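Student: Could we go through this structure together, step by step? I'd like the terms settled before we get to particular places.

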Amino acid sequence: MASDTPTIDSDALNAYVEGYLTEDDTLASARARGVELGCPPISAGGGAALRFLATALQAKAVVEIGTGAGVSGLYLLRGMASEGVLTSIDVEPEHQNAAKRAFTDAGMGPGRTRLIMGRALDVLPRLTEEAYDLLFVDAAKPEYPTYHEQGVRLLRPGGVIAFDSVLWSGRVANPARRDAETVALREVARAVREDDRLVPVLLPLGDGLLVAAKAH
């Protein structure tokens, strides 16, 4: 007897979710530049989640680790309070130049962004404790566990930390994969889940978005 349960096409479902909100020309151009520079941006669905979080938090102070070509920064800025400032850290000057272009194209005033050139592991310890509403991570995967500890320190109570690409094209679910990136992503997922200071959720957007709120 044939089942009445419909077969789910996971690719079609993912395309539906990712295409739920369309990107404007500024975002599309920034996304294309990111691909050209070899720093693939967060997915459209993940970007929409960032904008949602920034809006819900009424975020005024946000830290971004991994500027890329400015796609995630645009999503964050569009959700933040009008006077909010995005601090974005990257080691590649070419990436930050592309992001500056994206922010200018979007009409963001220079006072809305603070771009810092350098290694996040060097910059984060110098930032003020519990001074930030949101911290977004999309950078070197082996360093994610360290970003977790720094993120909790920097967030105000009720603030949110978000890690992109935590599913790593499904590799995290394959125990045979033991490369440094995959192991680090498993480690940060476990650490966030077991951290009593955080309330986490793993969202299947793009290549996986791990989000956690700092408990009050």
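Tutor: Let us begin with exposure: a residue is called buried under 20% relative accessible area, exposed over 50%, and partly exposed in between (1.4 Å probe, protein chains only). Please keep in mind that this is a predicted model, in which local features need pLDDT of at least 70 and side-chain atom pairs count only at pLDDT 80 or more, while totals for chains, interfaces and linings use all residues. Residues are numbered from 1 along each chain as its sequence is written, and side-chain values use heavy atoms, with hydrogens and water left out.

Student: OK, is Asp 24 buried or exposed, or in between?

Tutor: Asp 24 is partly exposed, with a relative accessible area of 32%.

Student: And which residue does Asp 24 form a salt bridge with?

Tutor: Its partner is Arg 78, with the closest N and O atoms 3.0 Å apart; a salt bridge here is a side-chain nitrogen of Lys or Arg within 4 Å of a carboxyl oxygen of Asp or Glu. Asp 24 lies in the loop between helix 1 and helix 2 (25–37) and Arg 78 in helix 4, so the pair ties together parts that are 54 residues apart in sequence. Arg 78 counts as partly exposed too, at 24% relative accessibility.

Student: How many salt bridges does the count come to?

Tutor: By this rule the count comes to 13. Another one is between the side chains of Arg 193 and Glu 194, at 4.0 Å from N to O, where Arg 193 is exposed at 58% and Glu 194 is partly exposed at 48%. Elsewhere, salt bridges that share partners join Arg 119, Asp 122 and Glu 143 into one network, and within it Asp 122 and Arg 119 meet at 3.3 Å, N to O.

Student: Switching to the fold, how many helices and strands are there?

Tutor: The protein chain has 8 helices and 7 strands, which are DSSP runs numbered from the N terminus (helices are H or I, at least four residues; strands are E, at least two).

Student: Which strands does strand 2 pair with?

Tutor: Strand 2 (residues 85–90) pairs in the parallel sense with strand 1 (residues 61–65) over 5 bridges, and with strand 3 (residues 113–117), again parallel, over 5 bridges; pairing requires that DSSP finds at least two bridges between two strands. Ser 88 of strand 2 is the bridge partner of Glu 64, and in strand 3 the bridge partner of Ser 88 is Leu 115. Strand 2 is also mostly covered, with 5 of its 6 residues buried.

Student: What about the helices between those strands?

Tutor: Helix 4 (residues 71–79) makes a right-handed β-α-β unit with strand 1 and strand 2, and helix 5 (residues 93–105) makes a right-handed one with strand 2 and strand 3. Right-handed means that, with the strands pointing away from the viewer, the path from the first strand over the helix to the second runs clockwise.

Student: Why is helix 7 described as largely enclosed?

Tutor: Helix 7 (residues 144–154) has 8 of its 11 residues buried, so it is largely enclosed by the rest of the structure. Among the buried residues are Tyr 144, His 148 and Leu 154.

Student: And how much of the chain overall counts as buried?

Tutor: Of the 216 residues of the protein chain, 48% count as buried, and the C-alpha trace spans about 65 × 40 × 35 Å along its principal axes.
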